[in-house]
Amino acid sequence: FFQKTLTAVKTWFTLFGWSKGQNPISIPYSLRCDVCIVQLTVAQEMNFKRKLDKDKGFYEMLLRLNGQPLPGIAASQSLPLDPVERMFQLHWQHSELLSFLKSQGASLSHVMPEFLLAPEDYKIWTEVNTGMRVGSMRSSGKLSGKHIFILEDSTFETISKRAWTDVLLQIYKVLVLPRVSSRIVPDPSSLESLENMPGIKSEPLCSNIYSRYERTILIWLNKHYEKNRKIVWKDSQRGGIPPMRWIVNFDQDLLDGLVLAAQVAAYCPYLIPTHFIRMYTDPKTHEQFLHNCLILVKALHAINLETGIKV
């Protein structure tokens with residue numbers, strides 16, 4: 001499950017995270033490198049050229065998704081040459097990042113700033129905190145009075161990968177999902193066919209599972225499915241017109257491909273005779289579910305909407 005989640009997160013941010021096209025990322029490796037992109041002095045630039053495009057840095061991505069820089073952090077940061085001072089600045093940057101995201105509503109209380117460090121910086125962090133290393137005025141004492149976690153190398157990599165995955169998920173939650181506007185989705189009760197169906201409220205406190213933005217998307221799914229099911233499958237030879245349904249989640253209610261097909265058909269009706277009409281409208285076997293999802297993915301490929309989704 002976690003691997004599938006990581007793959008989905010990696011795909012989305014690779015395709016849509018940056019303003020200047022795709023930028024392949026690896027979690028956590030490229031992210032830990034990207035936050036270390038430094039603004040080199042002229043003397044350093046003569047001896048060192050970084051191949052990575054500075055426009056593809058982690059904080060450049062945040063700048064695009066947030067619309068403005070994080071308070072106190074520029075997209076291109078100068079890092080001290082001293083390894084201990086460098087670790088302290090990166091630890092501070094990660095602390096500010098987590099504080100900012102939490103202030104926006106992110107659930108990241110389980111992620112410590114040190115989990116986002118590169119392995120070599122984490123090693124310095126543990127040495128400073130255990131008193132094994134003294135290299136600056138700040139490192140004469142512990143970073144804080146809180147309990148610290150000293151992790152083995154392999155354990156740290158696992159925790160770091162999970163931490164970066166959760167950070168990206170929460171960035172999506174607080175910076176991307178809020179772009180969903182309820183103004184573009186009319187009240188479902190305005191559709192005569194939906195009058196007898198329980199409504200989905202978009203008020204903030206109506207669900208302890210989905211945010212109001214996610215519930216707005218559910219309203220959108222219900223609207224298009226109910227509006228299009230009689231249009232898309234009116235001539236279906238594989239089950240007829242599918243029955244009315246109440247779409248309340250993003251997993252069970254989407255498994256058979258019909259709901260997503262109805263959404264795509266709303267914008268690309270020319271896919272109905274070439275693809276969607278061949279779907280089973282009352283699938284009962286695993287083979288029929290697979291058949292429907294194969295058609296859906298082929299339809300997405302036909303319109304070049306290739307987001308790496310698997311059947």
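Buried means under 20% relative accessible area, exposed over 50%, and partly exposed in between, with a 1.4 Å probe and protein chains only. This is a predicted model, in which local features need pLDDT of at least 70, side-chain atom pairs count only at pLDDT 80 or more, and totals for chains, interfaces and linings use all residues. Residues are numbered from 1 along each chain as its sequence is written, and side-chain values use heavy atoms, with hydrogens and water left out.

**Aromatic pairs**

- Rings of Phe, Tyr and Trp (its six-membered ring) pair if their centres lie within 6.5 Å; planes under 30 degrees apart count as stacked, over 60 as edge-to-face and the rest as tilted.
- The count under this rule is ten aromatic pairs.
- One of them joins tryptophan 12 to phenylalanine 13, edge-to-face, at 5.0 Å centre to centre and 75° between the planes.
- Tryptophan 12 has a relative accessible area of 22%, so this residue is partly exposed.
- Phenylalanine 13 has 2% relative accessibility and therefore counts as buried.
- Tyrosine 122 and tryptophan 125 are stacked because their ring planes lie at 20°, with centres 5.7 Å apart.
- Both tyrosine 122 and tryptophan 125 are buried.
- Trp12, Phe13, Phe16 and Tyr172 are linked into a cluster by ring pairs.

**Helices α4 and α5**

- Helices (H or I, at least four residues) are DSSP runs, numbered from the N terminus.
- The axes (lines fitted to C-alpha atoms over the stretch in contact, with angles from 0 to 180 degrees between N-to-C directions) of α4 (residues 58-66) and α5 (residues 83-103) come within 13 Å and cross at roughly 20°.
- That makes α4 roughly parallel to α5, a term for angles under 35 degrees.
- Contact (heavy atoms within 4.5 Å) involves Phe58, Tyr59, Leu62 and Asn66 of α4 and Gln93, His94, Leu97 and Phe100 of α5.

Notes
Helices (H or I, at least four residues) and strands (E, at least two) are DSSP runs, numbered from the N terminus. Angles under 35 degrees count as roughly parallel, over 145 as roughly antiparallel, 65 to 115 as roughly perpendicular and the rest as oblique.
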